[in-house]
Amino acid sequence: MTLADTVKADLTDAMRAGDRDRVGRLRLLLSELQKAEKDGTSDEVAVLRRERKRRLDAAEQFRDAGRSELAESEEAEAALIEGYLPAELSDDDLRKLVEDAVASSGASSPKDMGAVMKAVMPAVDGRADGKRVSAHVREVLTA
């Protein structure tokens with residue numbers, strides 16, 4: 001069962017329950033998944049991560065502008081999207097992957113960060129944000 005199918009099933013349940021807010025959010029999410037599929041993007045997890053990031057960025061901008069009610073709405077959408085994403089890697093698991101990549105690539109200084117990132121990102125497989133991975137790589141290489 002694909003993520004789009006799961007979202008469709010949840011949308012049907014929300015419609016039956018009469019939860020208008022959830023229905024609207026799920027329709028937006030389903031629309032993005034279908035649009036990506038039509039464009040030939042088959043990585044549903046990447047679409048969900050992109051949409052969650054957009055919602056969190058929008059929430060931050062709304063908060064900066066003093067529009068907390070809109071920020072809360074965007075954060076609720078991000079939380080809903082997060083429910084469909086695979087579990088994030090813990091810091092310990094991520095550190096282990098980074099240390100393994102550093103050892104296998106023979107990196108010894110921050111100049112080798114690109115090679116380590118290239119080795120570790122496929123192992124992370126979308127279970128951690130690139131910024132977070134980069135921070136761990138930098139920390140391991142400078143230690």
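Me: What covers the buried residues of helix 1?
Reply: The cover includes helix 2 (20–39) and helix 3 (44–64). Contact here means heavy atoms within 4.5 Å, and helices are DSSP runs of H or I with at least four residues, numbered from the N terminus. This is a predicted model, in which local features need pLDDT of at least 70 and side-chain atom pairs count only at pLDDT 80 or more, while totals for chains, interfaces and linings use all residues. Residues are numbered from 1 along each chain as its sequence is written, and side-chain values use heavy atoms, with hydrogens and water left out.

Me: Which residues of helix 1 are buried, and what puts them on the same side?
Reply: Leu3, Ala4, Val7, Leu11 and Ala14 are buried, that is, under 20% relative accessible area with a 1.4 Å probe and protein chains only (exposed is over 50%, partly exposed in between). They cover an arc of only 90° around the axis, so they lie on the same side of helix 1. The arc is that of the directions from the helix axis to the C-beta atoms.

Me: How do you know what span is expected for helix 1?
Reply: The expected span is 1.5 Å times one less than the number of residues. Helix 1 (residues 3–17) has 15 residues, for which 21 Å is expected, and reaches 21 Å from its first C-alpha to its last. Just after helix 1, Gly18 has a positive phi of about 75°.

Me: How does helix 4 compare with its expected span?
Reply: Helix 4 has 15 residues and reaches 20 Å, close to the 21 Å expected. Its buried residues are Ala71, Glu74, Glu77, Ala78, Leu80 and Ile81, and they pack against helix 2 and helix 3.

Me: What angle do helix 3 and helix 4 make, and what does that make helix 3 relative to helix 4?
Reply: They pack at about 165°, with axes 8 Å apart. Because the angle is over 145 degrees, helix 3 counts as roughly antiparallel to helix 4. Axes are lines fitted to C-alpha atoms, for helices over the stretch in contact, and angles run from 0 to 180 degrees between N-to-C directions. The residues that meet include Leu48, Leu56 and Phe62 in helix 3, and Leu70, Ala78 and Ile81 in helix 4.

Me: What makes the buried residues of helix 5 line one face?
Reply: Leu94, Val98, Ala101 and Val102 are buried. Seen down the axis of helix 5, they fall within an arc of 100°, so they line one face. On the other side, Asp92, Ala103 and Ser104 are exposed. The cover of the buried residues of helix 5 includes helix 6 (113–124) and helix 7 (130–142).

Me: Why is Arg49 called buried?
Reply: Arg49 is in helix 3. Its relative accessible area is 16%, so Arg49 is buried. Leaving out residues up to four places away in sequence, Arg49 touches Leu85, Pro86, Glu88, Gly126, Arg127 and Ala128.

How values were computed
Helix = DSSP H or I, 4+ residues; strand = E, 2+ residues; numbered from the N terminus. Parallel < 35°, antiparallel > 145°, perpendicular 65-115°, else oblique.
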